[in-house]
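Visitor: Please show me the model, and then take me through how its parts pack.

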Amino acid sequence: MKDDLNKFLPLSPAALHILLALAGEDMHGYGIMQEVARQSEGAYKLGPGTLYDNLQRLMDQGMVTEISSDDPRRRIYRLSSLGRKVLTTEISRLEGVVREARLHLRRV
Amino acid sequence: MRWFYILLLRMHPRSFRQRFGDEMLGIFDQSGEKVSLMADGFLSLARQRTLRQPSFAFSPTTAPDGVPLFYSAEAEIPSARALMRGVLVAFLAFVLFSAVMSHRWRQTYLIVGSHHPSPSHLLGAHTDAQPVADLPAEVKVNPYPFHPPISPYFRFLLVLGALDVDQDNVISAEEIENAPAALWKLDKNHDGQLTAEECGLKSDPNLDPLKLGSVRLTFMRVHPVLAALDANHDGVISESEIRNAAAALRTLDANHDGKLVERELLPDQAIAMAAGIMGMLDKNGDGRITKDERRGPFAADILDRADRDGKGYVTEEDLVIAIRSSPAARP
């Protein structure tokens with residue numbers, strides 16, 4: 001199972017931020033953009049082109065699903081169970097990277 | 001700007017546009033950062049058209065009896081619209097390439113052609129090279145990869161560069177015969193005569209007029225080809241001297257083989273050295289180097305020996321004699 005998840009890793013920064021934004025709640029596209037800007041304190045801003053290009057790919061891979069909405073012009077996106085597992089694995093991988101980085105920086 | 005963004009969206013693949021186009025346009029309308037969204041739209045278009053295009057998946061399957069089945073790609077041929085786009089892109093590339101090649105700032109070495117426009121040429125070639133219209137048309141193909149470089153002396157002396165049309169460092173019999181026509185091309189101001197500057201002298205225009213005149217005369221006298229052409233040694237190759245150029249050049253043909261090679265054209269070393277010393281030290285251009293004009297230890301040994309009769313000054317003739325009699329000049 002872990003091998004199946006590893007084929008999605010490492011995630012691109014845009015994909016990571018989108019999955020992180022959807023980890024809290026279901027959102028529409030504009031909401032994801034705002035949440036990504038908030039998470040990164042304005043340092044990383046997603047444009048709609050980048051957002052929907054990544055959303056398309058994440059949906060094709062089954063990590064994000066589209067759910068029905070009252071407003072047909074505003075689609076709502078949800079993190080799937082596969083997406084959550086991939087995100088969890090990626091966070092673990094990043095924690096290892098951070099741990100190694102701190103260890104090496106301390107030596108310097 | 002909204003109209004342009006809509007155009008950008010329309011250029012995205014249809015499936016992407018139908019799925020996300022309305023939402024992207026809605027975000028564009030809400031956002032205040034239109035310029036960055038335009039840039040983002042361009043990047044998205046590039047990604048969709050290059051990285052996200054569906055690839056044809058040819059996956060032949062195997063029949064139960066083990067014989068592989070071959071996949072037919074007949075249904076996957078490009079659509080008529082894609083073919084039309086290909087034609088349009090190819091045509092635009094051809095037009096762009098033609099425009100670049102025919103423009104003045106194109107790289108001339110990319111073009112194989114003639115100096116003269118001809119209906120038989122698709123593209124006219126324009127170069128700064130000297131045309132060779134005065135000689136019979138002749139195409140020389142060098143069978144050897146090595147081509148001798150142009151002699152520095154031929155490059156320095158514009159007269160030799162003009163005479164040596166085929167740039168082989170030899171003034172052939174045909175080129176000697178063609179000399180008047182070649183020399184006329186050096187007459188930049190069209191006054192019917194060639195000055196020292198038009199023959200290759202790089203003079204300082206701020207020089208004292210007397211000194212400048214002396215420099216010009218020395219230049220025309222030191223170089224054998226100029227001395228031969230300037231028959232009356234007035235420092236200028238006149239119209240009549242240009243007309244008589246072929247006969248004047250033949251006087252330099254020491255071995256009478258009908259052509260002039262570099263060793264027949266190079267100036268006498270002693271004369272050239274003496275002229276150089278005079279040019280540097282004779283400040284007032286009176287043809288004499290006095291004790292006041294001497295510059296410390298520079299050429300002191302030669303100058304001392306040149307003033308052998310102790311007259312207090314040295315002429316160019318004195319210098320030539322001193323140089324030729326110096327131990328270094330003896331064989």
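Visitor: Which residues of α4(A) does α2(A) meet?
Guide: This is a predicted model, where local features need pLDDT of at least 70 and side-chain atom pairs pLDDT 80 or more, while totals for chains, interfaces and linings use all residues. Residues are numbered from 1 along each chain as its sequence is written, with chains lettered from A and ligands numbered from 1 in the order written. Contact means C-beta atoms, placed from the backbone, within 7 Å. From α2(A), Ala14(A), Ala15(A) and Ile18(A) meet Thr50(A), Leu51(A), Asn54(A), Leu55(A) and Leu58(A).

Visitor: At what angle do helix α2 and helix α4 of chain A pack?
Guide: Helices are DSSP runs of H or I, at least four residues, and strands are runs of E, at least two, numbered from the N terminus. Axes are lines fitted to C-alpha atoms over the stretch in contact, with angles from 0 to 180 degrees between N-to-C directions. The axes of α2 (residues 13-24) and α4 (residues 48-60) in chain A are 10 Å apart, at an angle of about 80°.

Visitor: Which residues outside its sequence neighbourhood is Ile18(A) in contact with?
Guide: Neighbours within four places in sequence are left aside. The partners of Ile18(A) are then Ile32(A), Leu51(A), Asn54(A), Leu55(A) and Leu58(A).

Visitor: Which element gives the most to the side of chain A that touches chain B?
Guide: The contact takes twelve residues from chain A and 17 residues from chain B. On the chain A side, α3 (29-39) and α4 each supply at least two residues. With six residues, the element that gives the most is α4(A).

Methods: Two residues are in contact if their C-beta atoms, placed from the backbone, lie within 7 Å.
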